[in-house]
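Subject: Structure handover

Dear colleague,

Please open it first and keep it in view while you read.

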Amino acid sequence: NTSFSHLLDPPQQEGRQPHRQKRMNGNPVLPPSWRQPRAPAANDEAFIGHLDTIRRVKSNDPMLFELAIGDILNHKPTVLLLAEALRGNTRIKRVILRDYRYEVDHLQIILGALPQTKVSKISIGPQSSIFSYDGRYAIAVGKSMNSLNSLVTLDLNGCRINPTEAITLSAILANNTTIVSLLLQDNDIGDEGAVAMGNMLKMKNRTLKEMVLDDNGITAYGQLALRNAIYDDSSYRTLKEMVLDDNGITAYGQLALRNAIYDDSSFGAMAKSNHVLQSYFYNPRSVFGPAVMNDILSSHAANLRSKSDKQASTKKLRRMLQKKYRVKLHFESFLGVDSDMMPYILGWISENCDLDMMLTFKPILLNLFEGVG
């Protein structure tokens, strides 16, 4: 349990006897437990650089917002010093785990210190195998994520996450209560991973607002699972962005995603549609074709510009009446009408619609507008 924290102490003030440190060929002679076996000079320079980084972490350097962790985890003494320095640091906001095969116990030590920081974003380096190399790595990362109250973004872009690893990740995220942005661009979670993510959204997680899934090999089966996760009226209602670019969404999948936010099969179905989700894409043409594009864009706009689910639902209902039933509302908008006026509006609709059709949807309309003001 020898402590080497004295190596991080700042230089002595002028007038005091400086600490004498043995040197060999111009380089400090490190304690035996820190020495790398026949390490080349380049590695010594890297080690000295690590000590400088640890000093900056320990001193709460106001210019150090981002900490990249790689071969600094090679040696346990530096790991322990870094963990000690992290405890109480309030400046670092992002931690990057570089593409590197860590000793799992070293990684656990660092991740165990993060809950005592203000880190808001964890990024795993592109092409990293941290979720697949050893299950203990995923468990360590998961425990850290779920105990770090300041964490809001998890960046796993380009990490080669496969369906099995996506299932593990969804289980970790199921009980998370802080992460609002999950970045999974350019992975390979496939349909199984999409189903797992959909189940996580529908059954457990109530925090995520953004989930980026573009370029993940998600086909019709996975697309339907994601649609079901955001459609049902008992399901997820905080997710605002689900990016699906470059997944080759089929015509069937496009229609299913359109119905999740604009289901005009009946007035009751329209009321159940998702009125929170604001975007499916970075580039709409990479996801949807012309058959559903206008309904998608209109529904996203309604969700984005409305202050409540009821407002968004009313805007979509107006579009539905105009487009499907050819009902023109002229000078009246449902948004500005009080509940007391609804019977007059419904009466006006009954005069301008087929009466046989009204027998099927007038009761649904009455329920839909109950309490709307």
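At 12% relative accessibility, F281 counts as buried, because buried means under 20% relative accessible area, while exposed means over 50% and partly exposed lies in between, using a 1.4 Å probe and protein chains only. Before going further, please note that this is a predicted model, in which local features need pLDDT of at least 70 and side-chain atom pairs count only at pLDDT 80 or more, while totals for chains, interfaces and linings use all residues. Residues are numbered from 1 along each chain as its sequence is written, and side-chain values use heavy atoms, with hydrogens and water left out.

The aromatic rings

The structure holds two aromatic pairs, where rings of Phe, Tyr and Trp (its six-membered ring) pair if their centres lie within 6.5 Å, and planes under 30 degrees apart count as stacked, over 60 as edge-to-face and the rest as tilted. The rings of Y280 and F288 have centres 5.5 Å apart and planes at 55 degrees, so this pair is tilted. The rings of F281 and F288 have centres 6.2 Å apart and planes at 80 degrees, so that pair is edge-to-face. Ring pairs thus link Y280, F281 and F288 into a cluster; Y280 is buried with a relative accessible area of 0%, and F288 is buried with 4%.

S279 has its place in the loop between α9 (267-272) and α10 (290-305), where helices (H or I, at least four residues) and strands (E, at least two) are DSSP runs numbered from the N terminus. At 11% relative accessibility, S279 also counts as buried, and its side chain reaches the backbone oxygen of F281 at 2.9 Å. Leaving aside residues up to four places away in sequence, S279 touches K240, E241, M242 and H300, with contact meaning heavy atoms within 4.5 Å.

As background, strands of a sheet pair through backbone hydrogen bonds, either parallel or antiparallel.

Four bridges join β3 to β4, and these strands run parallel, with I69 standing opposite L97 in β4. Strand β4 (residues 94-97) pairs in turn with strand β5 (residues 121-124), in the parallel sense and over four bridges, and here I96 stands opposite S123 in β5.

I249 lies in the loop between β9 (241-243) and α8 (251-261), and I249 is buried, with a relative accessible area of 9%. Which residues does I249 touch, not counting those up to four places away in sequence? They are Q223, L244, Q254, L257 and V287. I249 and Q223 are 26 residues apart in sequence, and 7.6 Å apart in space from C-alpha to C-alpha.

Key. Two strands pair if DSSP finds at least two bridges between them. A polar contact is a pair of N or O atoms within 3.5 Å; within protein, one must be able to donate a hydrogen and the other to accept it, and residues adjacent in sequence count only if both atoms are side-chain atoms.
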